[in-house]
Amino acid sequence: MKIGVRLFLSSAIFGFAIAIAYWFTTYEVTGTLLLGIMGFALSFVAGYIVVAEREARLAGDRKDGTNAEAAGERVGTYALRSKWPFGIAVAVAILLLGAVFNAPLGIAAFLAVLACLGLLIRESRP
Amino acid sequence: MSEAALPEPVTAALARRGILSWISTTDHKRIGILYMCTAIGFFFTAGVMALLIRAQLAVPNQSIVTSHQYAQLFTLHGTAMIFFFVVPFAFGLANFLVPLQIGAPDMAFPRLNAFSYWIFLFGALLVMSGAATNGGAAATGWYAYAPLSGIKISAGLGQDLWIIGLLMASISSILTAINMVTTVFIYRAPGMTMWRIPIFTWEIVATSLMVLMAFPSLAADLSMLLIDRHFGGHFFDPAAGGSPVLYQHLFWFFGHPEVYIMILPYFGVITEIVSTFSRKPVFGYTGMVLSAFAIAGLSMGVWAHHMFTTGAVSDPFFSAVSFLIAVPTGIKFFNWIGTMWRGSIAFTTPMLFAIGFLLNFLIGGITGVMVASPPIDFHAEDSYFLVSHFHYVLGGGSLFAIFAAIFFWFPKVFGIKLNEAWGKTCFVLEFVGFNLTFFPMYFLGVMGMPRRVYTYPNLPGWGLLNSLATLGAAIMAVGVILFIANVVASVRRREPVGDDPWGGFTLEWATSSPPPEHNFDWLPPIRSERPTFDYHHPELGKESAR
């Protein structure tokens, strides 16, 4: 994950540097805030990787990794199919339309989103 | 291997047919195909709109459509081409290819991936459905500047559907970007270190980071616009202390990176194709990767070069950073030429489209450097010079790369090769048609023809140049019809072409065509960025070890 940390950290430093350069060149608030938030978001990801994933040992990070290392049950299982992503998307579309045009419809769609999410979570359990 | 010998999940997967199997799929390859087919559908729709626009402008004082219909046409054309064709096609291609290129069995979050596709599709349909409403579709351009897009001027339902639809497309892009970055960082096969992943995958990582930084700004902008329109907000209302310039800042903080979001994945496509058909490894692999991130980083700091003429931004800052982007882009051009240099070049259809991309994008890029200079931009702003410039980048660039990608990876996706002779004819028609359409527009712009006008007076030279542009568009349309005929004929013929018809270098060419649901029955050892080449040529493989 070293490259991940380097990538996010260098991008964050770039974000902060350009935010500072932008501020002292223009004294314009909107752009400075946007660039500063960009730097913060990237440093947050880098920080997360350093703190939470420092113990991660990925076979893909080793030059001499062999295929046998990624074989077997421990690599996890994949959902071959699920109808709930489609259901949630339909409900989110109705939710957004309802929020603007028809509040009761929006509330009903919000409940549908929650129901679909619940069913998705139940389906995800091994 | 007989079907009876296959493990249970695979036989179950093969047995699945019908619409329900597509609705419930979480397989990254099927989702990729859904994205790409949907994107091509929107390309055809937006292409028909472009033909209507060109028919209207073919001669002076034409009246095929009204001014309001014309405004709807160019709004939907731009929105569909940008949000529903070029970007989703890149994400579709990435969905299909990235797990295969890094040796992964699927994306990191398969259900989230499926949700991203469906929310994109419904968002796109909402935007287009505006055309069926009483007041018609949105007619405020693809950037919908406030206060033009405010409730006082654009009260129609079409504008609301446009905002809600794009909000959904933004959510889709952000979720897809999270999925891509996580997949590449976590799910690489053993030995597939970051410095061995193919350039296309690197470009997708850079693109995804840009999406994560830029799209929230668009989502915020659209949400604020919706609040202004329906919930009593005044973010962009100057009479109540709001600022229309704030809308432009937020929009272009997304909008300019969006240009690179639309081109970086296709830089990856071109790199893969140029390398494969030059029979050489990518020249300057590290430079290619670093230049992608340099472009991504710099593009986050150039948004207000679209706002020079507002007089509310710092011209020197944005001009300087815009000029700087030419440096990493130049590195890419140098490396593509370096890859071809003394290579054994095969002029296949994908390679021809890749060369067409290089020529067109060069013209678009150079004129981009020109308009990065405020004095030229003040002259060219809102003229046909800009229309030509961005079409050379996104039409001559991205569209040609999309054709190249379709011809290159069609055998991998469907196990069928498209007809080469028809493909080359299609390339000639597209290349001639494209340049005939858009090169005259540079002259029209310099002559002062403004963009977004639905008709124009018979001024010297304007009629002839516009007629040439319309003729070019018709030639492009013939090329697209030939492409459709090629796909239909090739699919009917169903000639199997084997797993690796081009002698590809990267991991997707090591599996069957089309790949099985779990992607790989076996993986070659990964010891360089060209594992398939190394496997087929063990005597040469060590030379490219990284």
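**A helix pair in chain B**

Tutor: H7(B) passes H10(B) in a right-handed crossing, meaning that the near helix is turned clockwise from the far one by less than a right angle. This is a predicted model, in which local features need pLDDT of at least 70, side-chain atom pairs count only at pLDDT 80 or more, and totals for chains, interfaces and linings use all residues. Residues are numbered from 1 along each chain as its sequence is written, while chains are lettered from A and ligands numbered from 1 in the order in which they are written.

H7 of chain B covers residues 199-230 and H10 of chain B covers residues 285-299; helices are DSSP runs (H or I, at least four residues) numbered from the N terminus. Axes here are lines fitted to C-alpha atoms over the stretch in contact, with angles from 0 to 180 degrees between N-to-C directions. H7(B) and H10(B) are therefore roughly parallel to each other, a term for angles under 35 degrees.

On the H7(B) side, the contact is made by Ile199(B), Trp202(B), Glu203(B), Ala206(B), Leu209(B) and Met210(B). H10(B) contributes Met288(B), Val289(B), Ala292(B), Phe293(B), Ala296(B) and Ser299(B). Two residues are in contact if their C-beta atoms, placed from the backbone, lie within 7 Å. The residues of this contact comprise 10 nonpolar, one polar and one charged; Ala, Val, Leu, Ile, Met, Phe, Trp, Tyr, Cys and Pro count as nonpolar, Asp, Glu, Lys and Arg as charged, and the others, Gly among them, as polar.

Beyond this pair, 45 residues of chain B are in contact with 42 residues of chain A.

Notes. Helix = DSSP H or I, 4+ residues; strand = E, 2+ residues; numbered from the N terminus. Parallel < 35°, antiparallel > 145°, perpendicular 65-115°, else oblique.
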